Each structure stands twice: as structure tokens, then as C-alpha cells.
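Have the structure open while you read.

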Amino acid sequence: MTETNDTLGLSRRKILGSIGAIGVASVGAGLGTSAYFSDRESFEGNTLTAGELQLYGSWQQLYYGADQSVRPQDYGAAGRPWVNAYPDDTDNGIQSLGDLTYVDDPSDDPADGRNIPLSCGDFESLGDAPRPAISLADVKPGDEGEVTFGFTLCDNPGYVWMNGTVTEQTPGAGEGQLADYLRGKIWRDEDCDNVYDDLEPSDLVLMVDFSGSMLYSQYGGVVSSDEITVGDNEYGETTYPTTTKIDLVEQGLIEFIDLLQTEIDGDSDIDADDFRVGAVFFDGYSNDGNSSNPGANVVTSADVPDWGDPDGDGFTSDITDLVTLDSDGEAPLRNLRDKLDDLFDGTGTALEEGFGELIDLFDERVDGSRKPQSITFTDGEPYFGGSLTNDRFEELLVAANAARTDPDYATSIFIVGDDTGDSRAEFTQRVMAGPAGLPIDVSGATAATFSGDPFTYGGDPAFFFNIDDPASIPDLFAQVALEILPEEVIACGTLADVLAVLESDPGRIVDAVPRADGIDCFEPGRTYCVGFSWSFPIRSNDHEATMDNNDVQGASVEFDLGLYTEQCRHNFVAES
């Protein structure tokens, strides 16, 4: 079949955000700003016969300007720094849609005011967005703000570009153009938390399911009958006659550590010992003659040979030691099947107890100054075997909630999960996945009989990675690494610099999977975010400065920001 250009002219959508009118001064260098975010769509010259693509947008905005008591009109009803959001059912400046909200208390950290994940159906039921999206007056040097734009594709995967341009500007009293004085940054806000995430010194715990379903064919643990060599042949590692899930998890962990190490090596602000890794491996339960009270089989990195200092706290001091083989061909994260198989003899999946050991590992740290983070890999549900009931989902959520909200050791939980066709396991895994500090609504999830939308009970889709195919496990761990690594900066500099990067048609490509080879499409049905932050630096000609803010007194600038998408099918985008 021959296709013409007409059938390849698939539906395109553009969302434009007009950020404008920074100007008007009374005394000093007082400036004002207003902005608009609209949902105009472009259909000209498009043929929809080959498929349909829709792009919907939302936003959450913060403004760190004058104190609430000085200029209350600058903020929403929730108070500083909340300005406005869309959708916002309560009209308080914090994003909400019915029962969907990320924060109930405005005094919470703004990072907890995340853009809520919205479905295509949510957008279709909304009316037109209120305008303007940003309306601030008398912005002064030292002020700053941020807008996180959320976008959701429907129907088909799509490439996404961000674009922008100055539409109008007026110089100030000293002929200075405001776009040259304001600082700006645009980045992929991968967790939609309104904050640019840099690389932070962290203690990371890898929590890995080592139950029978990871190893044995009778439980679905064998992925392929083909032989696999774990690692490179030159290392002389053990070669197995089959490939199991644990082999693929091992490869994923190795890639994960390699990505972290590469980033650490390239970050002058992070030292080699600022990032440490520990582990919790969990199997099932051993009856030990008492079927009513089985003991959980959970092993931490403190019990794994060569993981780190035997007198330490279970965290390695050099993460490369985990994957770099020594002269005997050994490394803690190599040959997991051999290292751990003899340690476990139980039945089931001790997921709940694994979270308990996770907290204990953080609690026993010699130095607790680093940020706690964790990754959990599991291919199913909490399973006990023997005579105990398997219906322990409530207890599992209680344990996960304790890990995410512990007052001293709260940890974000990334889940690489496989629900094995069990709806309760599918629900529970997604509820467990979420950021540190955000509680899990255990009672609500229990009352809902572990069904419905898990992301209304404290789960966050940015923290959950579903295993559609076991062969994708290594790639999923790489995606988790991208969430922990610094978020991708699309443009940074003066506002003029940022807009210069975006002004080409159709704009600067936004990669769905940063740091991976090539440009990846965004999948439909999930909310993705792009952050835009701005600041008006304090400068004075009394200091060593090349700019004087008095030169832009009375200046104004108007500019557009936009998102543009094209369907992935039949289109190819090269790296820019």
C-alpha cells in the first residue's frame, strides 16, 4: 500500500502559554508581570484519516514575592507561595479536581503541591481554563517564581516540543531590556513537583524480591530457556543454562549503578562518598515447625559478603565496588543467583517485612545526613504460604506508609512491579509507589477493597514502573535512575537566552527518556510535566556587577511559551 503525504499529515495540537507584560514601575525598580496559558489548537493543513492525537494541559504556579502580610492580593486563598492552578476546584491556588489533590494543608512544602495526574477523561469533562494563568504585579529584584505545566497525550504516542519567543518588549529608564536581566530555566519536571531536582547526597536502598517466582520455572521465574552470562564473558562469571528474572534484575541494578556513577563523576558538587547504596533482599517464610508463626526470610546488605565495611552500617562506601569485579571475579551485585540462593529456604513473599528492614537499615546508619531513597523490585503480591492467610494487603500498605512518612527516615519509594494478573497486587503496588512525606491513605484503600484508582490513595505514577515484559526489566531500572539523577534542563540562562533556544519552529524537542540513546516518544494516558522558573536577581552598581537594575525601571516584556506535539507513527525525529 502506498501512502501519500495527505495520510501522513496527522493531527497536531499546540498549547500556547503567553507569559507577558513585565513592566510598570512606581519607585525603585518595581516591576509587574502577567501571563496567560490557553488551549488554542492548530488544525490547519492536517488530515486525520490515519489516527488522532490530542494534547491537554494543566499547571501549578508558585510565586516567592512580597510577604503575605504585605501583598496578600498576589497569592491565592492558600497564601504564599501559592498563586493559582488549573484545574482548581476549590479556587485556593492549589491544583485539585474533585477528590484528587496532592496537598490538603497549604503550610506543607510547595514540593507537595505536585501537579495531580489527570486522565484524558478528566480533561474532557473540564470547561475552558480560567485566564490569566499568572497575574503578578510590582515584581521586584529578589523575587522569583515557577510554573509547572502538565501535559497529557491521548489516543496515540507523540513527540513533544517546547517553543517560545519574545512578542513585545519596551526598554527601561536606562535602555535596558528586561529579558536580558531576568533569569530563566526550563526543565523536564519528571516527578511534577514544581522543583528542579539536582543530584543530592543520598543513601539508597535496593529492595529486591528473591522469592521462588524470581528463580524457578514452576513459579514463572524462568524467562527464557536460552543461556545467559551475567556480565561480560571476560570477567569469568557463572554461566547459567536459562535466564531468570533475577538475572535480569541483576543486569538492571548494574546499569543503574553505572548511570549513577557516571553522573557523580561529572558533578563537581558531589563527592564519591556522597552517594551510598545498601540493600534488602526478601524471600518468603520458614515455618520452623510452627506454621502459625512463620519467620520471614529477609537479608540486608550488612549480611552480604564484600558489600562494604563489615563494621559499618550496611551501606557501601564506594558504589563502584558493587559492580566492579575483583581479582577473584566477585562483586556484591554480580552472581546474585549464586550468592543468595543458599540464604533462603522459605515459601511466599515477605514484602511487608522487607519494608520493616528498610527502615531499620536507615535507622542504623552511622551518618544520617544523606537523603534516604529506595527502589523496590517485586513481581507480585504479599504471599505467605502454609496455613496463613494471604490477604495482608492492609498490613503491607501500613508498612509502606511507615517507610514513606517516618519522621526521621522518610524515603521515596520507587516500585518496579509486576502484578501477575492479580488486581489487588496491581492496586497495592501502585499505592506504595510515591514520594517521601506523602502519606498513604491506608483506610481509604482498605475501604475501597483495594480496587479503583490507586493514585487517589497516595500513589504517584511517576514512581511506578510496570513490567509489561520481563525482558524490559534492565531498561526499567535505567528509567528509575533517570528519576533519581538531576532532571534534564531544556534551556537555562537569561530569559532572552531561554527564548532564543525555543524560538525555532516547532521548538526544542523534549525527550521522554532523557540520557537514553535517540529521542523517545511520550506515551498517552499519563501526565508529564515541564517546569519553568524565573528570577529577578538583586544587582547594584555598588557591587561588582555588569548590570544595574535601575536600567530596567519601567521596562516590560511579553513572550509566549508553547507545547507542540506530533504523532510518533510515520514520523522520525533525530537528536538535536
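The second largest cavity is lined by Tyr102, Asn115, Pro117, Glu190, Asp191, Cys192, Asp460, Pro461, Ala462, Arg526 and Thr527. Keep in mind that this is a predicted model. The volume of that second largest cavity comes out at about 70 Å³.

**Cavities**
- Sort the lining of the second largest cavity by class and you get five nonpolar, two polar and four charged residues.
- The count of cavities of 30 Å³ or more is three.

**The largest pocket**
- The largest pocket holds about 940 Å³ of space.
- Its lining runs to 33 residues, and the ones closest to the pocket centre are Phe464, Gln479, Glu523, Arg526 and Tyr528.
- Three elements, β20 (464–466), α9 (473–484) and β23 (527–535), each give at least two residues to the pocket lining.
- Helix α9 has the largest share of that lining, with five residues.

**Helix α5 against α6**
- Helix α5 (residues 351–363) and helix α6 (residues 393–405) have axes that come within 8 Å and cross at roughly 15°.
- Angles under 35 degrees count as roughly parallel, so α5 is roughly parallel to α6.
- The α5 and α6 crossing is left-handed.
- On the α5 side, the contact is made by Leu351, Glu352, Phe355, Leu358 and Ile359, while α6 brings Glu395, Leu396, Ala399, Ala400, Ala402 and Ala403.
- That contact of α5 with α6 has nine nonpolar and two charged residues, with no polar ones.

**Helix α6 against α7**
- The axes of α6 and helix α7 (residues 423–432) come within 10 Å, again crossing at roughly 15°.
- These two helices, α6 and α7, are therefore roughly parallel to each other as well.
- Here the crossing is right-handed.
- Phe393, Leu396, Leu397, Ala400 and Arg404 of α6 meet Arg424, Ala425, Thr428, Val431 and Met432 of α7.
- By class, the contact of α6 with α7 has seven nonpolar residues, one polar and two charged.
- Leu396 and Ala400 of α6 are worth a look: they take part in the contact with α5 and in the contact with α7.

Notes: Residues numbered from 1 in each chain as written. Predicted model: local features only at pLDDT ≥ 70, side-chain atom pairs only at ≥ 80, totals over all residues. Heavy atoms only, no water. 1 Å grid on protein atoms, 1.4 Å probe; cavity = no way out; pocket = protein on both sides within 12 Å on 5 of 7 lines; lining within 4 Å. Points joined across faces, edges and corners; volume = space filled by probe spheres on them. Helix = DSSP H or I, 4+ residues; strand = E, 2+ residues; numbered from the N terminus. Axes fitted to C-alpha atoms, helices over the stretch in contact; angles between N-to-C directions. Parallel < 35°, antiparallel > 145°, perpendicular 65-115°, else oblique. Left-handed = near helix turned anticlockwise from the far one by under 90°. Contact = heavy atoms within 4.5 Å. Nonpolar A, V, L, I, M, F, W, Y, C, P; charged D, E, K, R; others polar.
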